[in-house]
Amino acid sequence: MSAPGTRRAVVTGIGVVAPNGTTAETFWKATQEGVTVLDRITREGCGQLPLKVAGQVPSFDASAVIEERILVQTDRFTHFALAAADEALQDARLGRADTEGAPFSAGVVTAAGSGGGEFGQRELQKLWGKGSRYVGPWQSIAWFYAASTGQISIRRGFKGPCSVVAADEAGGLDALAHAARAVARGTDVLVAGSTEAPLAPYSMVCQLGYGELSPVTDPQRAYRPFTGDASGFVPAEGGAMLVVEDERAARARGVPVRAVIAGHAATFTGAGRWELSRQGLAEAIRGALAQAGCAPEEVDVVFADALGTPQADRAEALAIADALGAHGRQVPVTAPKTGIGRAYCAAPVLDAAAAVLALEHGLIPPTPNVADICHDLDLVTGRARPAPVRTALVLSRGLMGSNSALVLRHGV
Amino acid sequence: MSDRITVEELSELMKRTAGVTVSPEELAERTDTAFEEFGIDSLGLLGIVGELENRHGTQMPPDAEHCKTPRKFLDLVNSTLLAGA
C-alpha cells in the first residue's frame, strides 16, 4: 500500500440504469442525441396524484439480472443499484475472482434520498390492513437508505469500507468524493454512486410538498431551466454506479483509466434558500478546483445542477460567474437531465457518468427541451457540441440546502 | 388448521418468502443440509416462521427461527402443532 496522499482515484467502470437507457452505452447514445423521455407517469397507483410528469425507467426487468433470493428482500432502488453495479464492475473488468483474494480491498459507497419507498409502502399496508404479524422481515432492511450499499457488498463479497452518504441530492457527488478519499486512504476499488426509485405512491406523496416541483403537465414544457419558462423540476428514477479505483491498481490490471476524480468540495446554505446557494455553490466550485489544482480557465465543460426555478437558476448562473470569472461566460454549460428528469441523489451521478463519457468522446451533450436562455451562460442546446474536453465540472444542489462540486479530468 | 407441516409446504415457503427454489424431492433428500447452504439466513427463516404462524394461527416456539436444518425445523414446528392440536 502506498503512503496516503500519493494515490489517485480514477474511474474505470460505468454502469447506468436511466430513463433514457438501461446501459451506459444506450444512456450515452440518447444523452448525446438530446433525446427527451419525460412523460406522463404511468406507474401503478400514481394516476390520481397531482404530480404528473417524470422520467421513468421503462421495461427494466429486475428478475433478468438479479437472483430471486435477493429480489424478494429488495426495493426497486436497490434493483437499479445492483444492475448498475454489475455493469460498472464488468465494464472495469472486475470479476468475482479479482476481488475474492483481497475482499478488504474493495468497498461500496452510495447515496440515497428516497430509500425503498415502494417496498416500504407494501409492508406498511400489510401492517395497517392485516396486522403487524403480516409484515415480512425484509422490511427491516429493504426500505433503508443503506440497503443498496449492503446488498452490493454482500453479493460481491466486498469487505472494505462500506458507507452511505446522506447529504441531500448533492450527496451523489459526495459519494464519489467519499470513494476517492477511501482510495487515497488505501482501498483499491470502490463501487460508488446512487440510484433512486421515488416514483411510487408513498414516495411521490412525500415529494408533493416540494415547492420546486414543476406543476406543468406538458412533458416537453415541464422542465426548462435557465429559460423564461422555468417552472420547476421534474423528478426521475434510476441512477448510475461508477467503479472508483486506485490509479496504480487500475494500470497494473491493464484497464483503461476513464477519468480522474481530481477535486471536490461541498457546502451548505439552508433548505430552499436559493439566493444563498449562489455563494455556497461558488465556494464549492472554488474548493473543488483548488483540490484539483485546476485554474478556472481549464474547465472545459460545466454540468449544471439546473434546478429549474428562476431564483435557483439565477443563483447557479451567478455562482458559475463568481467562481470562474470571465471564463464563466464562455465555458460550455450543459444540463442533460432536462431530457430525463432529476433523479434526486442519482441525478449528479448520472451527470458524472455523462461527464466521463463526454471527456472520452470529446462531445458535450445538449440540454433537451431548452432554448432561449435568459442567463449569461453558454448553454449547449439543440445538438451535442464537439469539443476537446479535458476537464469537466459537475455541480449539484439539494432541495435541503447542500451544494457540491466535482472536478473530473481526462484519464490519459 | 393445525396438521403437520410437510416438506412440500416448507419448500413452497422457502420459495415464496425467501426466494429460494428447492424442490420438495430435493429438500426431502437434504433435510440435514443447513438452511444457510440453501441460501436462507436468519431473516429468511424468520419470514418462514411468520408465514407459518399466520397460516396455522399458532405461535411457534422462539427456537424455530434458530433451527439450523430443515429436519430440526420440521421436527420442532410439527411437535408444536401436535401439542397444540
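Two strands are said to pair if DSSP finds at least two bridges between them, where helices (H or I, at least four residues) and strands (E, at least two) are DSSP runs numbered from the N terminus. The model is predicted, with local features needing pLDDT of at least 70 and side-chain atom pairs counting only at pLDDT 80 or more, while totals for chains, interfaces and linings use all residues. Residues are numbered from 1 along each chain as its sequence is written, and chains are lettered from A and ligands numbered from 1 in the order in which they are written.

In chain A, strand β9 (residues 301–303) pairs with β14(A) in the parallel sense over three bridges, and V302(A) has L393(A) of β14(A) as its bridge partner. Strand β15 (residues 402–410) of chain A also pairs with β14(A), here in the antiparallel sense over seven bridges, with S404(A) of β15(A) standing opposite S396(A). Four residues lie between β14(A) and β15(A), which form a hairpin, and in its turn G401(A) has a positive phi of about 110 degrees.

In a regular strand, side chains alternate between the two faces of the sheet. On β14(A), one side carries T391(A), L393(A), L395(A) and R397(A) and the other A392(A), V394(A) and S396(A), all of them buried, a residue being buried if 20 or more other C-beta atoms, placed from the backbone, lie within 10 Å of its own, exposed if 12 or fewer, and partly exposed in between. Because seven of the seven residues of β14(A) (residues 391–397) are buried, the strand is largely enclosed by the rest of the structure.

Chain A as a whole comes to 14 helices and 15 strands, and 58% of its 412 residues count as buried.

In chain B, the axes of helix α1 (residues 7–18) and helix α4 (residues 42–56) come within 9 Å and cross at roughly 115 degrees. That makes α1(B) roughly perpendicular to α4(B), a term for angles of 65 to 115 degrees, whereas those under 35 count as roughly parallel, those over 145 as roughly antiparallel and the rest as oblique. L13(B), M14(B), T17(B) and A18(B) in α1(B) meet G44(B), G47(B), I48(B), E51(B) and L52(B) in α4(B), contact requiring C-beta atoms, placed from the backbone, within 7 Å.

Key
Axes are lines fitted to C-alpha atoms, for helices over the stretch in contact, and angles run from 0 to 180 degrees between N-to-C directions. Two residues are in contact if their C-beta atoms, placed from the backbone, lie within 7 Å.
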